[in-house]
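Q: I have a structure open and have not looked at it before. Can we go through it piece by piece?
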Amino acid sequence: MNTTERNLLIGGLIIALIIGVLSPFIASTQPDGLEASANHLNPSALINPGYWHAPFDNYQVHQLGDGYLSGIVALVIGVFIALGFVYVVVEILKRKNRTNN
Amino acid sequence: MHIPDGFIPLWQCAIYWTIAIIFLIFAFRWGRKNLSEKNIPLFAVLAAGIFAIMSMNIPVPFGSSGHMVGAAMVAIIFMSPWAAVIVIALVLMVQGIFFGDGGITTMGANILNMGVAGGFVGYYVWKGLYRPYMGKDGILKGLGVLGKRKWWAIGIASWIAIFYAACQAAIEMWLAGTFPLGLGLFYMGGYHAMIGVFEAIITVIVISTIEKVRPDLLAWNRLPRANADDIVPEPSEPREVASK
């Protein structure tokens, strides 16, 4: 990776982290479009059947309670997971392309 | 718009997962052919940014909120809906597995709604609105690439992408017996029509920022350009009459 691409990666990561840190403070607590529709049409659908328990459910690190800090830490973790996961998958795709060629 | 577990019966989830996997196979094939060293940081950064911005719900009228999806944005930046399928599917996997946002059983449906429908509808609407300036050979024919029409096309495509994705989710809810069709389309379409305005504004802001900061990252800036003699001015611009 050259310097230009590294700068893009770092710059984009910083922007994503800023959004993630600010999000718990400024995000609306109103239900999103799907939940709001379910509230009108079929509230029983909102009961989670519990097939899977996510470690950071509801964008919270539950060991830190359910305050702002918990939300910020969860989102920062999420930004790094998303960045790393996509980077690795795309890198694998690119290497397969190079191998095939 | 993330459908949680329990909204759709498991047998229908299996069908959506199967269709989503087929799209993912084609998307990864596109990725293997088209991804380069230069694309990888942008892909990763867009995924991180989309993850973060999806967490920030913006209030919309009538007691709801919404967040950006970003499928149209990715598809337009890379000029390929397959790019959107890859980025959105991977972000949805992170959200579903680690954060419980969207179900595991319903992830196939979520990929189809946000990644596939969002990406394909966003890209082809944008391309359709932009077609006068783009030849079948992929060569840009006009000055439209530099004009306001581009931003309107991006905004409208983003809005239609999220609105269509919401309507598709409403139809899936109807097939699942969760929502009645008419009211499902009314509420999902209505809420996401408002959310789509934010999607359109943010998409235009993000792409216009990339255009200013790193125009080389936008796929249309790497397209071959027509000769100056072939360029057709924007409709709003006065045509120059050649005089001898």
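Q: Let's start with one residue. Why does A:Leu46 count as partly exposed?
A: This is a predicted model. A:Leu46 has 14 other C-beta atoms within 10 Å.

Q: Where does A:Leu46 lie?
A: A:Leu46 is in the loop that runs between helix 2 (33-41) and helix 3 (68-100) of chain A.

Q: And what does A:Leu46 touch?
A: Leaving out residues up to four places away in sequence, A:Leu46 touches A:Glu35 and A:Ala38. As for A:Leu34, that residue is 12 residues from A:Leu46 in sequence, and their C-alpha atoms are 10.0 Å apart.

Q: Over to chain B. How many helices and strands are there?
A: Chain B has 7 helices and 2 strands. Their order along the sequence is α-α-β-β-α-α-α-α-α.

Q: What share of chain B is buried?
A: Of the 244 residues in chain B, 55% are buried. Taking contacts in chain B between residues at least 6 apart in sequence, 74% join residues at least 24 apart.

Q: Now the two chains together. How many residues of chain B are in contact with chain A?
A: 60 residues of chain B are in contact with 52 residues of chain A. Several elements of chain B each supply at least two residues to that side, including helix 1 (10-34), helix 4 (81-99) and helix 7 (181-213).

Q: Which helix gives the most?
A: Helix 2 of chain B, with 12 residues on the side that touches chain A. By class, that side of chain B has 37 nonpolar, 17 polar and 6 charged residues.

Q: Last topic, confidence. What is the mean pLDDT of chain B?
A: The mean is 84, and 84% of the residues of chain B reach 70 or more. Over residues 227-244 of chain B the pLDDT is below 50, and this stretch has 14 contacts in the model beyond near neighbours in sequence. Where pLDDT is low, the predicted coordinates should not be read in detail.

Q: What ipTM and pTM does the model score?
A: The model scores ipTM 0.91 and pTM 0.88.

How values were computed. Residues numbered from 1 in each chain as written. Chains lettered and ligands numbered in written order. Predicted model: local features only at pLDDT ≥ 70, side-chain atom pairs only at ≥ 80, totals over all residues. Helix = DSSP H or I, 4+ residues; strand = E, 2+ residues; numbered from the N terminus. Buried ≥ 20, exposed ≤ 12 C-beta atoms within 10 Å, placed from the backbone. Contact = placed C-beta atoms within 7 Å. Nonpolar A, V, L, I, M, F, W, Y, C, P; charged D, E, K, R; others polar. pLDDT = per-residue confidence, 0-100.
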